[in-house]
Amino acid sequence: MIQDVIWSLNAVGYLGILLIAGGLILWFIVRRQKQRLWLPVLRVIKLDLTVLPKFRWIHPPLWPLLCFFLACLALGIYLFEPTEPVIKGDNLDLRPTHVFFDLSPSLALTFSAAQYGEEGQRLLDQLRDKAKLTFSFSTGPEIFTAADSHDVSKKINALGFHRAGLKLGAAVDRLLQKAPDIEHLVIVSDRDQGTWEDFNWRYLEKKMQISWLSAGMGGALPDNVFIDELKPRDQSGFQKNLAWTVLMRRTGQGKALRGQLKAELEGRQLAAHDWQFGPDGKSLEVDIALPQEILLQQTQDKLLVLNWEISASGPGDLLIDNTFRSWLQVQNQKALLISRPRGEMFLDDSVFHLKTSLEVLGFRTQRVDQWSPQPALGMPPTLLLTEVTPESTMRSFCPIEAVSRRANSTPQHDLQAWILPSADLLDFGEICYCFASLLQAPQVILERPAYCDKLEHRDQYVGVLQSLGAVQLGGSVDSPLGALGMTFRNAATKTKILAFTVPLNPMQKGGISFGQLPLMIQSVWKFLSGESTVPAFGSGAVWPRIEDISTSLASDDPATSNVPLAESLLRQMATDQLPPQLSVSSQGIIRQSSLASRERDARPWIYLCLSLVVLAIWLEALGYGFARMFQKQSWVARWFGLIIFISYLSHPDSAEGQVRMNALGYAPLPQLTSIRREVAARTSIDFLESAQQFNSIQRETLLDPWLWVAQPQILENLDRSHWSEVMAWLQRGGFLIVENHGGAQRLKQQILEQNPQGVWKPIPPDHELMRSFHLLASLPQCGQFVWEGFHFDQRIAVVLVPGDFMRMLLDERNPPACFSKFSHEQAVRVFINLLMVALATDYKKDQIHLPEILKRLR
Amino acid sequence: MQVPLGTPVLRQLTPFHGFEPSHQRYVPLSRFHGSQRLNLMRPTRMPASSRRYNHGDPVNLIDWRAYARNEQLVVREQNDEASCRLMLLIDEQPTLDWPDAVIEQRFGHSLCTKRELTWRLALHLSYQSLKWGDAVRLYCLRDGQALSLTLRSQVDAAIFFEKMLAQKFIAPLDLFNERKTLDVVRAERCDLLFWFSDGFAGLPDWLLQKKGALGCWVQVLSTLEVDPSWLKGDDSYFDESQAVREYMGAALLQENYLQKAIGRWQEEMSGQWLKHHRNHILVTDDTPIQSYLMSLEKPGGLSGRGRGPS
């Protein structure tokens, strides 16, 4: 928030005067509020003291004073930027000073090269006699001396802004290699983040002084509209050239922009498209189609430059990188495939996949069943691909005529003829004959040569090809058997013949798969046609963007580079991340640091101060409130913090998760130390040692979640009001355990009358009580009486225990007679299960943990 | 000095506080009258008139028989008493009205003003002296005039005290009997003179040079004046007669400046008074009654013209 505020000295002055005036008024009011008292003793006493002055210092309260000083401190640190004159009047400082002019495209946005030249000229004029001056531009490594500084304006005009980006770190590094004795480096640039981000000037500042002169940037940056990405639509082959998707972006927001996008080829406009950004639009995708006719007229295989230009309709919408270049290769390659079809299932047909692969690569393909000597209409194919099957004869597949015809013409490019054996080929005689014919074309071989007879095996075939002078393609050196194919260039007909030695079917040994087929064909094609440097098959390949002009290769042309994205985005560095700023004025040159100490950013301290101020004000308000509350007791106001602290300490939170034995009608119970230990060791429940014991129903009796009753008669003999309280407690979620029930028909009847939807039943072996913590096999019987439960509201609300279970639990040595077969350990387990049911009912029914359990199991 | 809680202090003083100087036994005989003691240099046989021999006493007064009995030199001299003329002068200044309402507001309860204390002391002395049979004249010096109050008996003093109590010790003019000029008062003869004042207006020359009377200055100050530790540093303090001068409490309290200055002033005033008269008593509303009465017994107090107890 604070960094957005722009402070001016005038405003600070007015603010200061206002504060002082306010302070004086406040002082006057405070002074008037001070009590004046008549003290007659003063009449007789000769005092050397100074009489009360007209203006006097009134001791202010501590906290407001501290706040005031902190606020002043923070304000001072932030507001007053220390300045340091770099060149002090007549004191000539003749140290080597170098001025580096940044001519990167982001500068072109705000002003022209002429304005930039003037500004640069003004700076050099100021520096000329005061320093040993040299200067250079970002366009090249050349360093100019002070003698050249008179026409720097012209130089900048002549050079103009380059389209390549600039990285200051690399540029300065290159500069210092050439001129290491620079002591003061002045960088004339804008605040563009792309330019500055790699420049660690703080490190360099240990060796030399670095200053920054802000170029241009009078006001807010204009909106930059630029082409971010350009790609052909997702189509293959020739169609790919026709449809393009242009991704345009803008840097600003809030204003609707419109304009036109044009595509040009060699000065000829191919297409135009109107675009429009909404007020909130940041990016825009434009689909543009190029006319087919014009492209077809273009020379084959030539790499063309497609120029994209953006123009904005608004006068203020100045665009720096309004042109964008992309490659365009007019790919009018044609392939003719000669192959007999293999049924309708294209999976069996390897040539089908071959055709698809060629189309992917940008070929226009044509497939015929067999070769016909008549020339086809349209342009002649550049690739002839013929597949030899066992039943085909040489005349039906071998395109000798197409090759022979080339001997009469003077074609510019080589024709490629690929001969492909099918997978089921057993006799290589015909294919050998075809290879020999193509090899000797335009000479006609009327009969199959003798060396082509009895070629029943691939090895023999490869041997014959090798002996004919064919060069192996693929495989290892001197091992033609591993070759993918054998090639031979017929110079008379300018034909490259490639005889594959293996069928192009998917096979494990050869490593061929349909997926790899396009790549393999592409590399074979590239190898045979000798294309390697230009992007042959991709039309619209990315035109290079030179990120840094100083490290660009010699082959790159900075003038035609697309503007790098970092420059186009116009992201700005914060001023405090830049070196001290130089400003040229009529009074001279001032070097100004945005903060006195750049190593330490004062902002956290300012925030700290402000937080302290807020805290202090809050404390003051609180203290004042306390002082008002305890006007007479001054010690309270002074020590209120201590009192609060002590009162906090004296009220510790009572522990939660404690369970207490809540018993009704028992003889005094002994200490529950042993059972407490058992519960604590097995569960995480803190079971209290001291039991809460009652002889009648009271309010406190029904505050705990459970209640143990010694005899059912105690409940049966309750009066109506107490009985209704117990029932209400049960319905609220209470858990009642009645021991020595001995049938207790009356109690059961009474409870059932109050809760007719509940039901009494003996506790079954699969009850929650049997598995809530320990897995119990059975509950101990006492005579013919069993454990019974009243099930109500999907839980067990009352448990009737036969016999004196509590005695069994507490008095290990003398268990009750009816529980004689029952061990103490079992009693403890039952008790813990009871405790669990009382606290959590049937928590295992709750599926809330199921996702976690499943996650763990997986 | 902190007075123990419950000790009767002067702001509670009434005329009826019994006062019997230790050297004097009041003998209710018609022959004895007044508080003035006469030591007649003649031997007597009355044991009540005997005392220890002091160096310089006439030898013929020694009771040799007693000496023979118990080897103690006992002087037998005859004492007698006479009525004494007592003049009480109250110097009424505006400063007597201090502590005022503003100060009372500061403390949150009513305080005893110096005027009240002065009247309590004067009427107590009047009552007691009248009880002993002395002649008492009470003058209130106000605006260069002396307002006279004639008290014929101790009953008169008691009635007057009740009236003053009802008026909160602000005496209206009609309570006084007559109005005299200061010259008349100056010329009037008396044996004992009590001057009640806070001393802020200084000591009048005529009083210092008044002949033929034993003078005692009962200097009445407020406790708050003697001990200014109640002052607050933030407040400012002034005097009405010199309103221009105003001091911060912090300046006055710094290094006990005010306390020391008051101490110096008291010493100076006391010395000035004692050059001409014999007794000076400083009282405040917090002075214990007992210690005030004791100080009255000092030479120059009510012990009379004769020699005081050694």
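The model is predicted, with an ipTM of 0.81 and a pTM of 0.38. For chain A the mean pLDDT is 78, and 83% of the residues reach 70 or more. Within chain A, pLDDT stays under 50 over residues 1-5, a stretch with 2 contacts beyond four places in sequence. Residues 81-92 of chain A also have a pLDDT below 50, and this stretch has 21 contacts in the model beyond near neighbours in sequence. Chain B averages a pLDDT of 83, and 85% of its residues score at least 70. In chain B, residues 26-32 remain under 50 and have 4 contacts beyond four places in sequence. Residues 303-310 of chain B likewise stay under 50 in pLDDT, with 12 contacts beyond four places in sequence.

The contact between the chains involves 16 residues from chain A and 25 residues from chain B. On the side of chain A that touches chain B, 12 residues are nonpolar, 1 is polar and 3 are charged.

Within chain A, strands S8, S9 and S12 form an open sheet of 3 strands in the order S8-S9-S12, with antiparallel pairing. Strand S8 (225-232) and strand S12 (283-289) stand at the edges; each has a single partner strand, so one side of each is left without a neighbour in the sheet. From one strand to the next, the twist averages 25°. Strand S9 of chain A, residues 243-250, is joined to S12(A) by 7 bridges, and the two strands run antiparallel. A:Arg249 has A:Ser283 of S12(A) as its bridge partner.

Helix packing in chain A includes the pair formed by helix H9 (residues 350-360) and helix H14 (residues 517-529), whose axes come within 9 Å and cross at roughly 65°. H9(A) and H14(A) are therefore roughly perpendicular to each other, and the crossing is right-handed. H9(A) contributes A:His353, A:Leu354, A:Ser357, A:Leu358 and A:Val360 to the contact, while H14(A) contributes A:Leu517, A:Pro518 and A:Ile521. By class, the contact of H9(A) with H14(A) comprises 6 nonpolar and 2 polar residues, with no charged residues.

Another helix pair in chain A consists of helix H18 (residues 673-682) and helix H23 (residues 824-840), with axes that come within 11 Å and cross at roughly 65°. That angle makes H18(A) roughly perpendicular to H23(A). H18(A) passes H23(A) in a right-handed crossing. On the H18(A) side, A:Ile675, A:Glu678, A:Val679 and A:Arg682 meet A:Val828, A:Phe831, A:Ile832 and A:Leu835 of H23(A). The contact of H18(A) with H23(A) has 6 nonpolar and 2 charged residues, and no polar residues.

In chain B, the axes of helix H3 (residues 114-132) and helix H4 (residues 154-166) come within 8 Å and cross at roughly 160°. H3(B) and H4(B) are therefore roughly antiparallel to each other, and their crossing is left-handed. From H3(B), the contact takes B:Trp119, B:Leu123, B:Ser126, B:Tyr127, B:Leu130 and B:Lys131; from H4(B), the contact takes B:Gln154, B:Ala157, B:Ala158, B:Phe160, B:Phe161 and B:Met164. The contact of H3(B) with H4(B) divides into 9 nonpolar, 2 polar and 1 charged residues.

Backbone geometry was also examined in the loops. In chain B, the peptide bond from B:Trp98 to B:Pro99 is cis, with omega near 0°. B:Pro99 lies in the loop between strand S5 (85-91) and helix H2 (101-107) of chain B. In chain A, A:Lys454 has a positive phi of about 50° although it is not a glycine. A:Lys454 is placed in the loop between helix H12 (429-440) and helix H13 (458-467) of chain A.

Conventions:
Residues are numbered from 1 along each chain as its sequence is written. Chains are lettered from A and ligands numbered from 1 in the order in which they are written. This is a predicted model: local features need pLDDT of at least 70, side-chain atom pairs count only at pLDDT 80 or more; totals for chains, interfaces and linings use all residues. pLDDT is the predictor's confidence in each residue, from 0 to 100. Two residues are in contact if their C-beta atoms, placed from the backbone, lie within 7 Å. Ala, Val, Leu, Ile, Met, Phe, Trp, Tyr, Cys and Pro count as nonpolar, Asp, Glu, Lys and Arg as charged, and the others, Gly among them, as polar. Axes are lines fitted to C-alpha atoms, for helices over the stretch in contact, and angles run from 0 to 180 degrees between N-to-C directions. Helices (H or I, at least four residues) and strands (E, at least two) are DSSP runs, numbered from the N terminus. Angles under 35 degrees count as roughly parallel, over 145 as roughly antiparallel, 65 to 115 as roughly perpendicular and the rest as oblique. A crossing is left-handed if the near helix is turned anticlockwise from the far one by less than a right angle, and right-handed if clockwise. Two strands pair if DSSP finds at least two bridges between them.
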